[in-house]
Amino acid sequence: MDAAYFTGRRELLDFFNELLQLNLTKIEQTASGAVACQLCDYIFPGSVPMNRVNWEAKSDYEYIQNYKLLQVAFTKNRVQRHIDVDKLIRAKYQDNLEFCQVRKLSSLSIH
């Protein structure tokens, strides 16, 4: 198993904050899908219409719209990764931590 799967929350938050110039304090703040969209756009420039990403999303249907943008970008770039949106939008620590670990692994293996 890759070391990214053993990356702790503090290291993940520092990684996302530095790379994407964010100010995340909790893994649960990634539940809206906006961070995933920004990371995908970092890896595949222009693949996510960032002007359509809702950074102020507060409800499930707004989160789902962000994940739809992410899924379109994944499909466009032939990324075969299942996104369990129903789990992620609940903002549970463990589900979002695991998804963040995979995103970090993906970004490191591409760049």
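Trainee: Is glutamine 101 buried or exposed?
Mentor: Start with the cut-offs: buried means under 20% relative accessible area, exposed over 50%, and partly exposed in between, with a 1.4 Å probe and protein chains only. Glutamine 101 has 7% relative accessibility, so this residue counts as buried.

Trainee: What kind of model is this?
Mentor: Residues are numbered from 1 along each chain as its sequence is written, and side-chain values use heavy atoms, leaving out hydrogens and water. Local features need pLDDT of at least 70, side-chain atom pairs count only at pLDDT 80 or more, and totals for chains, interfaces and linings use all residues, since the model is predicted.

Trainee: Which backbone oxygen does the side chain of glutamine 101 reach?
Mentor: Glutamine 101 is in helix 5, residues 93-110. Helices (H or I, at least four residues) and strands (E, at least two) are DSSP runs, numbered from the N terminus. At 2.9 Å, the side chain of glutamine 101 reaches the backbone oxygen of threonine 7.

Trainee: Which residues does tyrosine 67 touch, not counting residues up to four places away in sequence?
Mentor: Contact means heavy atoms within 4.5 Å. By that rule, the partners of tyrosine 67 are Thr30, Ala31, Ser32, Gly33, Ile83, Val85, Leu88, Ile89 and Phe99.

Trainee: Which residues does leucine 70 touch, with the sequence neighbours up to four places away again not counted?
Mentor: Leucine 70 sits in helix 3. At 1% relative accessibility, leucine 70 is buried. Its partners are Ala36, Cys37, Cys40, Ile83 and Phe99.

Trainee: What distance separates the C-alpha atoms of leucine 70 and leucine 39?
Mentor: Along the chain, these two are 31 residues apart.

Trainee: How many residues of helix 2 are buried?
Mentor: The buried ones are Ala34, Val35, Ala36, Cys37, Gln38, Leu39, Cys40, Asp41 and Ile43. Helix 2 is therefore largely enclosed by the rest of the structure, and its buried count, out of ten, is nine.

Trainee: How many disulfides are in the whole structure?
Mentor: A disulfide is a pair of cysteine sulfur atoms within 2.5 Å. Take cysteine 37, which is buried at 0% relative accessible area. Its closest cysteine sulfur is in cysteine 40, and the 7.3 Å between them is too far for a bond. A search of the whole structure gives a disulfide count of zero.

Trainee: What is the phi of glutamine 21 near?
Mentor: Most residues other than glycine have a negative phi. Glutamine 21 lies in the loop between helix 1 (9-20) and helix 2, and is exposed at 72% relative accessibility. Its phi is positive, near 55°.

Trainee: And where is arginine 78, with its phi near 60°?
Mentor: This positive phi is in a residue other than glycine. At 77% relative accessibility, arginine 78 counts as exposed. Its place is the loop between helix 3 and helix 4.

Conventions
Polar contact = N/O pair within 3.5 Å; in protein donor to acceptor, adjacent residues only side chain to side chain.
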